[in-house]
Structure formats: structure tokens, C-alpha cells
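Please look over the sequence and the model below before reading on. The paragraphs that follow lead from charged side chains to aromatic rings, helix packing and the chain as a whole.

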Amino acid sequence: MASLSVKIKRQRGIGFWVGAAVAALILFLCFGTVGIVAWRAEAGSTINEADISALAFTVKQALLSAFFSVILAIPVARALARRSFVGRRVLITLLGAPFVLPVIVAVLGLLAVFGRSGIVSWFLGQFGIAPIHIYGLHGVVLAHVFFNLPLAVRLILQGWLAIPSEQFRLAASLGCNARDRRRLLEYPMLAEVVPGAFAIIFLICTTSFAVALAIGGGPKSTTVELAIYHAFRFDFDLSKAALLALLQVALSGCAALLAWRLARAASVGGGFDRVVNHYATGGSHVGDSVWLLLTSLFLGLPLAMIVIDGVPRIISLPLSVWQAAGRSLLVSMATTGLTVLFGLSLAFWVTRLRGTARGLGEAIGYLTVAVSPLVMGAGLFIVIFEFASPQEWALPITALVNSIVALPFAMRVFLPAVEACDARFGALAQSLDLKGFARFRLLEAPRLARPIGFVAGLAAALSMGDLGVVALFADPARATLPLALYDLMGAYRMADAAGAALLLMLLSLGVFYLFDRGGRTDAPL
């Protein structure tokens, strides 16, 4: 009975209520803002042909982006799974770069490679072939494949590595050829893994705002989120924006439900955890090498062009760009602090729940996956507009929404670490009556240093490159660096844009490295 009373007392402590408050905040930002935009949508507002066209384009580009990302990822993941070569670690690191790379920076790099004046168009011109038209559907799909191909490779690679090496060895001993191995081992695994990967990438692409903003290419290439932005910034039609926001919520909610239903790990049996060697899986060395080389060029060339074009201009950037960089750093640091605070509080709160309540609490942490940040921004815009100028609140609101958007990643990292710490040391801490902040400082913080460092770096990098909510609120005088870069591109000041893109890339990768490295320094294993 004594142990039970300690447990109940701990659940009712300040940490429990902080976690509950964070959960309430998430529910408000996800459902409350949707309710606000629903309330603002007047009875006379209707969906017109342009809105239907935006919805159709959103679904079309998301389907094409997910399809090409997954199809191209299959041979790349297969090559990585069965080959060991010099530079393999570098390539895997390169696969992670687009995830923390600001969208607007990657778009500028893709323009330098695939635009009308890019490398590919110049090469085609040597043979009398017309340059590539990157704006519109082609450009949106290309950019989404650039961002999501690495994610698809990582997801499918896990499925390949889950196939026990003994199954490949058994297939070889039975005289199975390459076609038999694909039919008996690889195709069943792909049938389980690919639908989930496709659904996840489809969900990501339905809420991708910055790509459509930068290279959407006109009314025929407008997504629902871009239509919301236009309704706010250019028409100031709050009813239309609210109606479009509800349409976006319905779309992203259905996509999230589909991803949740289809996402599952490959069930391919057990083994002895031996490495899958290339001689056991067979296949063409030349074919694998070609796929890996093309992937390296596709991901590496835009990054290289950003560096080449940006180095000559980064020192002579206008003062306004450096001021925008300072504002981005402030927003990034605020986002980082809020993400760590919210993520840890929610993780500790979830571990203290039991049964159905625990499942619901964990679901709240992942809820923001299904709600577009632009919809949250739209709801907050409507609330703030009633009593103050939204421009004055641009940076705090951006930091808040960015931290909420980063929570699913934080929960994915924090929750297993908190559970492991509690399972290993929880009984000892209770026996010593170690609780509250003392428990966190002496017991949990040292063991959560690595997860905290990684989450902080990820949140800081994602916030540095954000071009979503801030586009709804900020004016040019209070622009962040991504918004300043977008304005430079719109004004065709491409030299300054290249320098600003390099600065933004260095800041994003730099804050990620510093926080992640700081979490690893002297952290216990």
C-alpha cells in the first residue's frame, strides 16, 4: 500500500500537471484552431471551381511524388542493403541531409541544376534539346522526390535489413536464382513495407507549403495550402481562408489515417542477426553502383551548387539579410526550448498513464501530424486579429507552431528513452524518495542528454528553415531568413539569393550539429 501511495503522489505532482497542460495546448492548437476557422467560415462561403482545382492538384502532386519517391527508393535501398563500399557512411549521411535542409534552400539548389539556366538544361542545349521547364507540376514533384527519396530509402532499407541472412543463405543452398529470391523473400517484404512508406510520403506532400510557394507556377499549380495563403495575404478573405483550411484538415486527416493503417514493420521471421553479405544476395554490382551513383548526384549536386554560387556573395550580403538571420536564430532557439520542454513533459506524462488513457495520451503527442501548420496559423491569425496586429506576434507564434509541429519527432525519441530510464531506475528512485526536479537533475537528465541533444538539433534546424506560418504573419521589416531569401528570389536578385541560401544552410546544419554534438559530450551510454 505504501508503494501505491508513492506512485499516486508522483502522478499528481507538478510534472504530471505540466504534461497535462501541454496535452491541452496541443488539443487546442489542433482542434481549437480548426473550430475557430470553422466558426469564421460564413454561411455564404462556398467552394468554387478554383478550390476544387487546388484540391485536385494537391492530391495529384502528392500521389506522383509518393509514387516516384518509393519506386526510385527500392533499387537504392536494395543496393545499400547488400553492398559494402568505401563512402557508404557518407552516402547514408547524405540521405539525411534533405531532412534538415531548409526547403527554400533546396529549391534554389534544384533550380541551379534543373532550371532553365541550370546544369542539366545547359547539357541538353549542347544537343539542341529544349531546356527543362521546372515550374509547375514537374518542379513540385521533383522537389518532393528530392526531399522524400531519402526517407523512402530509409524506410525500405529497414525492411531489407530485417530479412535474416540465414534466409538468403538457405535460398542459395537450395539453388534459388535471383528471380526466386525476389519472389520468395524480397517481394513479400516489399508488399508489407512499401504501402506504409507511400502513405507517409503522401501525407507529407499534402501539407508541403514552401515547395508550392516557390515553384508552383501559377493558378493551375496551386495547392490547398497555397490557396489559404493567397486568401490571407492578397485577398484578405478570412471566410474563404477558413473554408479552405477545413478542406485541408479533411485531406490531411484522411492521409494521416491512411498512413497509420498502412504503416507496419516487415514480418519476415527471425534469425541470428548476422550481416546480410552481398555474396548471399547476389545481384549485379554494376546495376547497384549505377543506382547509388545517380542518387549521390541527385542529392549532392544541388547542395554543391548552393556552395559554389553562394561563397562569392555571402560576405557582401545586405544588412537586412543578416538582420533576418538574427531573427531566425531567435525563433529557432525559442522553438528548441519549447520543443524540448513540451516533448519531455508530454513523455513523462504519458509514462504515468495506464491502459486506454496511456494510448490516448500517446496519440495526442502525434496528433499534429494530421493538422497542417498553416491551418494552426490561420486559426491563431483569426484570434489575434480581433485585438492586435498579427504582424507584431509573427515571431512568437511561429516559434510556438514550429515547436508543436516538431513534437511527433520529439515524442518518437523521448518516449522510449523515458520509459527505459523509468523501468531501470524507477524503483530505486522511489525507494530513495527521489522526486520532482531533484529526480530529473540527478537521475533522468544525464541519461536523456543524447535524446535531448538530438531533438534540440532537429527542432532548431527545422525552425531555421521554416517558411510556413511566418509567411502568413510577418511583414518584410520583420522577415526571417527563409522569407528574406524568398523575397530575393522573387525580385530576381539571384546572386544575393545564393549567398543567403548558403548562409541559411550553414546556420541550419550548424545548429543541428552543435545541439546534437552537445548532447553526446560526456553523455552516458
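A search of the whole structure, which is a predicted model, finds three salt bridges. In one of them, the side chains of arginine 313 and aspartate 496 meet with a nitrogen-to-oxygen distance of 2.2 Å. This pair ties together distant parts of the chain, since arginine 313 belongs to helix α14 (residues 285-314) and aspartate 496 to helix α24 (residues 494-520), 183 residues apart. The two partners can also be placed by their accessibility: arginine 313 is partly exposed, because its relative accessible area is 28%, whereas aspartate 496, with a relative accessible area of 8%, falls under the 20% limit and is therefore buried.

Aspartate 496 also meets the side chain of arginine 493 in a salt bridge, with 2.9 Å from N to O. Arginine 493 has a relative accessibility of 39% and so counts as partly exposed. Taken together, Arg313, Arg493 and Asp496 are linked in a network of salt bridges.

Another salt bridge joins glutamate 419 to arginine 358, and here the closest N and O atoms are 1.8 Å apart. This pair, too, links distant parts of the chain, with glutamate 419 in helix α19 (residues 407-431) and arginine 358 in helix α16 (residues 355-365), 61 residues apart.

From charged groups we turn to aromatic rings. Seven aromatic pairs are found when the whole structure is searched. One of these is formed by phenylalanine 146 and phenylalanine 147, whose rings are arranged edge-to-face, with 5.5 Å from centre to centre and 85° between the planes. The arrangement is called edge-to-face because the angle between the planes is over 60 degrees.

Helix packing can be followed where helix α15 (residues 319-351) meets helix α23 (residues 481-490), their axes coming within 7 Å and crossing at roughly 145°. On the α15 side the residues involved are Val321, Ala324, Ala325 and Ser328, which meet Leu481, Pro482, Ala484 and Leu488 of α23. Sorted by class, this contact has seven nonpolar residues, one polar residue and no charged residues.

Is threonine 58 buried or exposed? Threonine 58 lies in helix α3 (residues 49-82), and it counts as buried because its relative accessibility is 1%. Leaving aside neighbours within four places in sequence, threonine 58 is in contact with Thr206, Thr223, Val224 and Leu251.

These details can be set within the chain as a whole. The chain has 24 helices and zero strands, and buried residues make up 50% of its 525 residues. Among contacts between residues at least 6 apart in sequence, 84% join residues that are at least 24 apart. The accessible surface of the chain comes to about 24200 Å², and 68% of this surface belongs to carbon and sulfur atoms.

Conventions: Residues are numbered from 1 along each chain as its sequence is written. This is a predicted model: local features need pLDDT of at least 70, side-chain atom pairs count only at pLDDT 80 or more; totals for chains, interfaces and linings use all residues. Side-chain values use heavy atoms; hydrogens and water are left out. Helices (H or I, at least four residues) and strands (E, at least two) are DSSP runs, numbered from the N terminus. Buried means under 20% relative accessible area, exposed over 50%, partly exposed in between (1.4 Å probe, protein chains only). Contact means heavy atoms within 4.5 Å. Accessible areas come from the Shrake-Rupley method with a 1.4 Å probe; for residues, only the protein chains shown count as cover. Axes are lines fitted to C-alpha atoms, for helices over the stretch in contact, and angles run from 0 to 180 degrees between N-to-C directions. Ala, Val, Leu, Ile, Met, Phe, Trp, Tyr, Cys and Pro count as nonpolar, Asp, Glu, Lys and Arg as charged, and the others, Gly among them, as polar. Rings of Phe, Tyr and Trp (its six-membered ring) pair if their centres lie within 6.5 Å; planes under 30 degrees apart count as stacked, over 60 as edge-to-face and the rest as tilted. A salt bridge is a side-chain nitrogen of Lys or Arg within 4 Å of a carboxyl oxygen of Asp or Glu.
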